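Colleague: Could you walk me through reading this model? I'd like to start with the fold and then look at the sheet.

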Amino acid sequence: MEIKIDKVSYIYNADNPFSKVALDNVSINIKKNEFIGIIGHTGSGKSTLVQHLNALMIPTKGKVYVDDIDTSEKSKDKIEIRKKVGLVFQYPEYQLFEETVYKDIAFGPTNIGCTEEETEERVKWACEIVGLDFEYIKNKSPFELSGGQKRRVAIAGVLAMKPDCLVLDEPTAGLDPRGRDEILDEIRRLYEQHNMTIVLVSHSMEDVARLVNRIIVMDSGKIYMDGTPKEIFARPDKLIKVGLDVPQVTEFMLKLKEKGANIPTDVITVEEAYGILKNYLKESKDA
Ligand code: ADP
């Protein structure tokens, strides 16, 4: 599975005075089993970009290819694309509509012609991945669940399509810290154990630093930076210019360095900082 975004521009309201260029000549290749974080200030084009990945939006200019399927070709069956790329919107629980959790998660598989047996197997699988007890929850109404559970049902509905690539637009928005960590752990497991390609839009520098292996920074509809988390967070000056930050732990290490500590500053997780500081303190003591 590969997604190729080739010189894509997207203009909202192209034909009237309210037109807005949301994507401006964007090119990105997404390869199998990458875990990509997309960050950028509000309005930088992240949501518009990810909606192009499963043909929900079609470029005003340029092309998006999912494997070899050109998403802008009218004759192409969008279902084929959506079987390969699943998109979880921001606040996906607003799109739950069926009377039971089972029916909601089964909607996609049923639509693509899975048998009842296969559908049930997929619903069970998706529930397990997002940490929902299938037997307990299957006949409940989605509307009687907590916010975190509704979010899981919505994500399970996309997973039940068994996509090769899962795209999530701010999947933890509005959740409490525990719910947030659980969902991020489940996403990490999908990447590590189920070989999914993951694209995660997030405003949390901490989350992308510890999860992804490539970060794309958007600004004003363009790709502003593209690299590994270490490469991106090594440039706090560039990030600050577009209203972003580095993870708190990176900032902390930079400040220590400024004060004269001889330590590396390309540190992006607390665990890494802990190891470095432990050694540094030991060496200082020995000296
Ligand atoms: P982000 O996800 O980074 O916040 P968006 O992709 O939502 O950015 O928006 C990119 C730009 O397009 C912003 O300037 C936004 O105001 C504009 N935009 C988004 N949706 C619409 C819309 N439906 N109609 C007009 N302009 C829009």
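**Reading the fold**

Modeller: In the protein chain, 61% of the contacts between residues at least 6 apart in sequence join residues at least 24 apart; contact means heavy atoms within 4.5 Å. This is a predicted model, where local features need pLDDT of at least 70, side-chain atom pairs count only at pLDDT 80 or more, and totals for chains, interfaces and linings use all residues. Residues are numbered from 1 along each chain as its sequence is written, and side-chain values use heavy atoms, leaving out hydrogens and water.

Colleague: How many helices and strands are there in the protein chain?

Modeller: Helices (H or I, at least four residues) and strands (E, at least two) are DSSP runs, numbered from the N terminus. The protein chain has twelve helices and ten strands.

Colleague: What share of the 287 residues is buried?

Modeller: Buried means under 20% relative accessible area, with a 1.4 Å probe and protein chains only. Here buried residues make up 48% of the 287.

Colleague: What is the strand order in the open sheet of four strands?

Modeller: Two strands pair if DSSP finds at least two bridges between them. The order is β2-β1-β4-β5, with antiparallel pairing. At the edges, β2 (20-30) and β5 (69-70) each pair on one side only.

Colleague: How many bridges join β1 to β2?

Modeller: Seven: β1 covers residues 3-12, and the two strands run antiparallel. To find one of the bridges, look for Ile 11, whose partner in β2 is Val 21.

Key: Buried means under 20% relative accessible area, exposed over 50%, partly exposed in between (1.4 Å probe, protein chains only).
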